[in-house]
Amino acid sequence: MSKNINFSIHTLGCKVNQYESERVAGGLRRLGWGQVDFSSRANVYIINSCTVTAIANHKSRQLIRRALKNNPDALVVVTGCYADSDRDEIAQIEGIGLIVGNEKKSELPRLVAERLGFCKPNGAGEDAIIMPLHTRPLVKIQDGCNQFCSYCIVPHVRGDLWSRPEAEIIGEVSRLVAGGAQEIVLTGIHLGLYGVGAGNDLGELLARLIDIRGLGRIRLSSIELNEVTPKIIELMATSGKICSHLHIPLQSGSDRVLLRMNRHYTATDFIERTGELKEKIDDLALTTDIIVGFPGETEADFADSVRLVEQVGFSKLHVFKFSPRAGTPAADFSEQVPNNIKNERSSRLIDISKRQSAGFAASYIGKNLSVLVERKQGDYLSGISDNYIRVHIDGPEKIAGKLVTVNIAKQEEAVLYGSIKGANEMWV
Ligand code: SF4
C-alpha cells in the first residue's frame, strides 16, 4: 500500500462521531497513509458530518467546499448523519467523490482505498485503535435512539438500537490500557440504552470494566435521568473507578415545555433524582444541556428553568439556542421564539453557568483531587479531575498521561491550580 497518500478528517457533532472518525483514521494510518491537518493539501478529505440542526448542515456543506478548494483533485468523502439525512442535497455539490452513510462508516478505509485503486486492506477498520491517541480515549458502546424527542433528528438517521458485544468492548478497553490509557470515556448515542434487547445493561458492563487491571478510571459521556440505575449509583459510590461526574441532559425546567419536547420526566423528578445522586455519590459533578427558545417557551417557562438550575446546582451548563431541524415535529410547532429572546435567555443561563462552575471549583480549595494530567499549557501541566474540573499543576513533564493527586491552592474562575501531593515512584 502506498505511503505517499495523505488524508484529513474533519468531525462535526457528537462524541460518537469523534470516536468513529478516530477508528477510520486508525484504519487509514494502518495502510501507511499520513494524516494531515484539514487546511493542508491532502489526497483524501473525509467530512464526518452532523445534521442535528440546520446550522450543522450548513457547517457540513462549508467543510465540503473548503476541502474541494484545498485540493480540487482530492477524493472528497462525506459520511455521518448529514450523509444519511440529505444524501441528494450533498450529491448535487460538484466534485464529491463518495457519500457513505453511518452504517458503512466502519468500512471507509477499504472503500477509500479501493476508490483510489489500491487492493483491499485486511481488516483496516477493525481493531484499528491499539495505541491511544488521546489521554482520555472514547469507546463507543452503543448506537441508535428510540426516544424521538420532538426537536431531534437523530432517531431518524441513526437507525435501530445497537449495543456492542461486551467481549469486544472489554477487548478494546484492555488494548487501550495496555497502550497507556488511564481513563476511558464510554460513549453512545443513547448510552443508558446499552444492552437493551441483548439481556445486558450499562451497570453490568461497568461492573466488568472496573475489573480491568491497570485501568484508572471510567467516565460516562452522557446519560438520561431515568437511566442512572441503582447498580450504576452503587458502582459510582463504591468502586473508586467510575468518575464522579454525570452529564444528565435537562433541556428545560418547565413541565409544559418538557412535555412538548417529548421528554419523559418532570422538573420535580429531575430535582429529586439529582438530589439523591448528590447524596449518594461523593463529590459528584453534575453537568447538563439546556435548550432555550423552544417553540412556545414563555418568560414563565424560562423562569422555571432558571429556578431549577439554581436549585440543583450544576458544575457546568451547555446552553443551546433552539434551531429548527427540518423533519422533526418541533420545526413545525407554532409560536417560534424570536432570535433576540433566544440570545437574551442564552446569555442569562451562560452567566449562571459561569458562576456555578466557579463556585463548584472554589469548594475544592485546600482539598485533594485526583487529576489525569493531559498536556502542557503555558507554564503549567493541565489535567482533568475525577469530577471534571480543569486543574493546572506545577509538576514535571514526565507525569503527562498519569493520574496524580493534586493539592488545590487557588482558583481562577472555573480553573483550579495546585501542586502534586507527595512523591510517586511510578513517575520515575
Ligand atoms: S434522547 Fe432525544 S435528544 Fe437524545 S438522541 Fe434520542 S431523540 Fe435525540
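The legends below describe an overall view and several close-ups of one predicted model.

In this predicted model, local features need pLDDT of at least 70 and side-chain atom pairs count only at pLDDT 80 or more, while totals for chains, interfaces and linings use all residues. Residues are numbered from 1 along each chain as its sequence is written, and side-chain values use heavy atoms, with hydrogens and water left out.

**View 1. Overall fold of the protein.** The protein has 13 helices and 17 strands; these are DSSP runs numbered from the N terminus, helices being H or I of at least four residues and strands E of at least two. Its radius of gyration is 22 Å, close to the 22 Å given by the globule rule for 428 residues, so the protein is as compact as a globular protein of that length. The radius is taken over C-alpha atoms, and the rule is 2.2 Å times the number of residues to the power 0.38. Along the principal axes, the C-alpha atoms fill a box of roughly 65 × 60 × 45 Å.

**View 2. Surroundings of the ligand.** Around the ligand stand Cys145, Gln147, Phe148, Cys149, Tyr151, Cys152, Val154, Pro155, His190, Glu224 and Arg263; a residue is counted if one of its heavy atoms lies within 4 Å. This shell has 7 nonpolar, 2 polar and 2 charged residues. In this classing, Ala, Val, Leu, Ile, Met, Phe, Trp, Tyr, Cys and Pro are nonpolar, Asp, Glu, Lys and Arg are charged, and the others, Gly among them, are polar.

**View 3. Packing of helix 12 against helix 13.** Helix 12 (residues 299-312) and helix 13 (residues 339-362) pack at about 5°, with axes 11 Å apart. Axes are lines fitted to C-alpha atoms, for helices over the stretch in contact, and angles run from 0 to 180 degrees between N-to-C directions. The two helices are therefore roughly parallel, a term for angles under 35 degrees. Helix 12 contributes Glu299, Phe302, Val306, Val309 and Glu310 to the contact, and helix 13 contributes Arg345, Arg348, Leu349, Ile352, Arg355 and Gln356; contact means heavy atoms within 4.5 Å. By class, the contact residues are 5 nonpolar, 1 polar and 5 charged.

View 4. Strand 10 is joined to strand 11 (residues 285-292) by 3 bridges, and leucine 246 has leucine 286 as its bridge partner in strand 11.

View 5. The closed barrel of 5 strands runs 13-14-15-17-16 with mixed pairing. Its neighbouring strands are turned by 50° against each other on average, direction ignored. Strand 15 (residues 390-394) pairs with strand 17 in the parallel sense over 5 bridges, with histidine 392 partnered by tyrosine 417. Strand 16 (residues 403-412) pairs with strand 17 (residues 415-420) in the antiparallel sense over 6 bridges. Here glutamine 411 stands opposite leucine 416, and glutamate 412 opposite valine 415. Strands 16 and 17 form a hairpin with 2 residues between them, and glutamate 413 in the turn has a positive phi of about 50°.

How values were computed:
Angles under 35 degrees count as roughly parallel, over 145 as roughly antiparallel, 65 to 115 as roughly perpendicular and the rest as oblique. Two strands pair if DSSP finds at least two bridges between them.
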